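Thanks for coming, everyone. Please bring up the sequence and the model, and keep both in view while I talk.

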Amino acid sequence: MMDTISAPRFRVRPGVLDHIMRTRRLQTEEQLAAALGTTVDRLEDMRAGAPVTARMALHIATLQGDGDFIAGYCEPIAA
């Protein structure tokens, strides 16, 4: 039997999206969604703890200027 490899999943840490809004001087949810390449509805899900892809976790860290520090912004979800 062959094991399948699942892509890593993350959850945005509490307060991170608000922190991005402050540090990037974004004033609306629409601006934040545009900066993250997502929708306002998806932001609500992310705030509620919905899983995000590794790509989104990296994008968040990179947007904040530290693509090597994903763990500071997102926590891994156990498979």
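Some ground rules come before that. This is a predicted model, where local features need pLDDT of at least 70, side-chain atom pairs count only at pLDDT 80 or more, and totals for chains, interfaces and linings use all residues. Residues are numbered from 1 along each chain as its sequence is written, and side-chain values use heavy atoms, with hydrogens and water left out. Helices (H or I, at least four residues) and strands (E, at least two) are DSSP runs, numbered from the N terminus.

Let's take the sheet. It is open, with 3 strands in the order E2-E1-E3, and the pairing is antiparallel. Two strands pair if DSSP finds at least two bridges between them. Strand E2 (51-53) and strand E3 (74-77) stand at the edges. Each has a single partner strand, so one side of each is left without a neighbour in the sheet. Strand E1, residues 9-12, is joined to E3 by 4 bridges. One to find on your screen: valine 12 has cysteine 74 in E3 as its bridge partner.

Now helix H1, residues 16-23. Which of its residues are buried? They are Val16, Leu17, Ile20 and Met21. Buried means under 20% relative accessible area, exposed means over 50%, and partly exposed is in between, using a 1.4 Å probe and protein chains only. Seen down the axis of H1, the buried residues fall within an arc of 145°, so they line one face of the helix. That arc is taken from the directions from the helix axis to the C-beta atoms. The cover over these residues includes E1, helix H2 (29-36), helix H3 (40-47) and H4. Just after H1, arginine 25 takes a positive phi of about 55°.

On to H2. Leu32, Ala33 and Leu36 are buried here. Down the axis of H2, they fall within an arc of 100°, so they too line one face. Glu30 and Ala34 are exposed, on the other side of H2. The buried residues of H2 pack against H1, H3 and H4.

Arginine 24 lies in the loop between H1 and H2. Its relative accessible area is 38%, so arginine 24 is partly exposed. The arginine 24 side chain reaches the backbone oxygen of leucine 63 at 2.9 Å. Not counting residues up to four places away in sequence, arginine 24 touches Leu63, Gln64 and Gly65; contact means heavy atoms within 4.5 Å.

So where is glutamine 64? Glutamine 64 is in the loop between helix H4 (54-63) and E3. It is buried, at 13% relative accessible area. Its side chain makes a polar contact with the side chain of threonine 23, at 3.1 Å. A polar contact is a pair of N or O atoms within 3.5 Å; within protein, one must be able to donate a hydrogen and the other to accept it, and residues adjacent in sequence count only if both atoms are side-chain atoms.

Last stop: the rings. The structure holds 1 aromatic pair. Phenylalanine 69 and tyrosine 73 have ring centres 6.2 Å apart and planes at 75°, so the pair is edge-to-face. Rings of Phe, Tyr and Trp (its six-membered ring) pair if their centres lie within 6.5 Å; planes under 30 degrees apart count as stacked, over 60 as edge-to-face and the rest as tilted. Phenylalanine 69 is partly exposed at 43%, whereas tyrosine 73 is buried at 13%.
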